[in-house]
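Please look over the sequence and the structure shown here before reading on.

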Amino acid sequence: MSEIDLTPLKPAMESYISLGRSGLLPALHAAQKIYGWLPQEVANEVAKSLRIPLAEVHGVIEFYSLFYNELVGKKFIRVCTDPACALKGADQLLDHLCKHYDVEAGQTTEDLSLTIERSPCLGLCDLAPAVWTMDDGQSTIGDGAKEENRPSSIIYGQLRELTSNCGDGTTTLAKYGEYFAYKKALKINPEAVITEIKASGLVGRGGAAFPTGIKWEGAAKAQADQKYVVCNADESEPGTFKDRILLLDDPHLTIEGMCIAAYAIGASKGYIYIRGEYPYIVPVLENALIEARDAGYLDEKFDIEIRVGAGAYICGEETALFESIEGKRGFPRVKPPFPTTNGLFDKPTVINNVETLCNVPLIISKGSAEYRKIGTEKSPGPKLFCVSGDVVKPGLYEIPFGVTLRELLKMAGGPSTSLRADKKSLKAVLFGGAAGAFATSAHLDLKLTFEDLRVAGLPLGSGVVMVFDGTRDIRDILKRLGKFFAHESCGKCYPCQMGTQRQMEILDRVAKGKVLPNDFVRLEDVGWTMTDASLCGLGQTAASAVLSAMKLWPELFKDERWGMKDEG
């Protein structure tokens, strides 16, 4: 192998030196863009430039799946094979591409011209099957037949409150108009802003559903010389793509929400942490931030920096995301202390999901009383649902809380609806993504609200509604979910590290029809152990979909040779 020329790397590192350890991820991204991978010599230079122990640089490189410490192809094709894409023929597409290029999945051609990989969810479930191609640093999105520089945005539903500027390309500041809500917020004191957010009933839209106003109040009351606002755009939950559309089509709505949050809690610095699989959104955000600075909305009092992840589902967990921004492996922290007092860089921090932040300007501009007229008393406001799978019209649906599952599926053309000529029956709906749970036709008249779903034992999660018709094999779906969690477990805590592996092995046997005696009991034990003993939300929900499937379809997990004894 030829010697690595470090000449182009040294000037590239200069802009990250002042950041120290927190500059590690952007520095590695810059280095990999130059060389296509991260050889030993490059890792040495990065470590020396940022004054970070070399072992820790290697630890970070090995932790994130989009960093490579071995030679890979100049062109990189990633095919999503998670459930939504699998329903649309992703496996067959991957096989076709491998045969066409004469290379196996996960391998690189001998001439280093191409690498093809199976990929976890690319956040393109509405456009399935999804293929992400990087060719000499240029990113394209496609379905194996055609490629585009950016994915299209498909918007449906009864409302256009959060999505009023979505579906027709990126909204510039000239089109967006002034930050009306932010200017309105500045005319009242920060405490009054927080009071209005609390009165609106807004809760987190990323999955945890924690009351936003209470979170802001905690950070506002914390005493510190520095506070942060962080936008969690690490949208990696299989079946989720709402943040992709909001940021790509209407970036100023999120930025305005961050400005209001910063004013409310007294923060002077913000970060947008966007997943590495969304490189096409980065220049859109960079341009929007420039527009906001030129207009005076961002200045020395409050400014925002973009940080790009590198392929780690765990970094959607808030404290793991902080670790990543700080230039470390994305290991979740033990809580308490909580981010409102000890968050990013151990300072008081408000971290909100993209959709949550997009609700903020809506609340301030309308007023909390008017905002609460949308939705239900206990679940006020609009909600974005990511509908994919066996529907005629996959896409992003904005509806008020309170619409039933039946009504949503009718809009999307799900199984057994008037939009479907095949009249296929409904097998299941996966709510909340990989970390969610299954519903059936018995839940069709369930209202899509926090309170109604909670009673039914279903999570709203990140708004995933993945539909499966009667022809689908749930065992195959579960096998893919099992592989996803086994791959994405960070390994920090033993229940999740070992549990996701054992779960994957059992689900693989179930899918192959090679169930062992007592596998049913083992799968339950593993699931409940992860749920009760894991450190963070990944492990705590890694078995949620599996346990719900075991309750709904216990016969799928049995082998007739062993009878029913393995139920325990």
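Which residues are buried in α14? They are E318, T319, A320, L321, F322, E323, S324 and I325, where buried means under 20% relative accessible area with a 1.4 Å probe and protein chains only. Helix α14 covers residues 318-325, and helices here are DSSP runs of H or I with at least four residues, while strands are runs of E with at least two, both numbered from the N terminus.

This is a predicted model, in which local features need pLDDT of at least 70 and side-chain atom pairs count only at pLDDT 80 or more, whereas totals for chains, interfaces and linings use all residues. Residues are numbered from 1 along each chain as its sequence is written, and side-chain values use heavy atoms, with hydrogens and water left out.

The buried residues of α14 pack against helices α2 (24-35) and α10 (212-221), and also against strands β8 (228-233), β9 (269-274), β10 (303-308) and β11 (349-353). Just after α14, G327 has a positive phi of about 85°.

In soluble globular proteins, nonpolar side chains tend to be buried together. A nonpolar core is a set of buried Ala, Val, Leu, Ile, Met, Phe, Trp, Tyr and Cys residues joined through side-chain atoms within 4.5 Å. The largest such core here has 151 residues, and those with the most contacts inside it are Y64, W216, F438 and F557. Its largest share, nine residues, comes from helix α12 (residues 251-265).

As for confidence, pLDDT is the predictor's confidence in each residue, from 0 to 100; its mean over the protein is 95, and 98% of the residues reach 70 or more.

Notes:
Buried means under 20% relative accessible area, exposed over 50%, partly exposed in between (1.4 Å probe, protein chains only). Contact means heavy atoms within 4.5 Å.
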